[in-house]
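Welcome! Have a look at the protein below, and let's explore it together.

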Amino acid sequence: PPTTSLLGRWVNPDRSVIMIIEPCGGKLCGTVQWASAKAKADARWGTPQLVGAQLLTGVKPVFDSRWQGKLFVPDENVQTNARLDMIGPKQVKVSGCYIGNICKWQVWTRME
């Protein structure tokens, strides 16, 4: 599987969080590199410091253009299983389910 295509800087749909995905411990992790004031305030319930927080951990390829790992959702203060699906070279759909069948997803865009 092309694990390198997930590496790099990604921005969320609101453009309020920038996350960098890079190798860590033989798998991939996603760490917040920048966040808006509103994103930081929303995340306070789950983490005192959003910038530097690892939102994605243990990410590994499942098959071509799909990865799985753990996702921390700071504004909900939950960790869940995550699925990441590349939908083209510049976008990844990040999805996770928690509290039974509550599922959410976002499409993050690669930053040049």
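Predicted model: local features only at pLDDT ≥ 70, side-chain atom pairs only at ≥ 80, totals over all residues.

Visitor: Which residues touch the most other members of the largest nonpolar core?
Guide: Residues are numbered from 1 along each chain as its sequence is written, and side-chain values use heavy atoms, leaving out hydrogens and water. A nonpolar core is a set of buried (under 20% relative accessible area, 1.4 Å probe, protein chains only) Ala, Val, Leu, Ile, Met, Phe, Trp, Tyr and Cys residues joined through side-chain atoms within 4.5 Å. Of the 26 residues in the largest one, those touching the most other members are Leu-6, Leu-50, Leu-56, Leu-84 and Val-92.

Visitor: Which residue is the bridge partner of Pro-23 in β3?
Guide: Strands are DSSP runs of E, at least two residues long, numbered from the N terminus, and two of them pair if DSSP finds at least two bridges between them. β2 and β3 pair in the antiparallel sense over 8 bridges. In β3, the partner of Pro-23 is Leu-28.

Visitor: Is Ser-95 buried or exposed?
Guide: Ser-95 lies in strand β7. Its relative accessibility is 17%, so Ser-95 counts as buried.

Methods: Buried < 20%, exposed > 50% of the residue type's maximum accessible area, 1.4 Å probe, protein only. Helix = DSSP H or I, 4+ residues; strand = E, 2+ residues; numbered from the N terminus.
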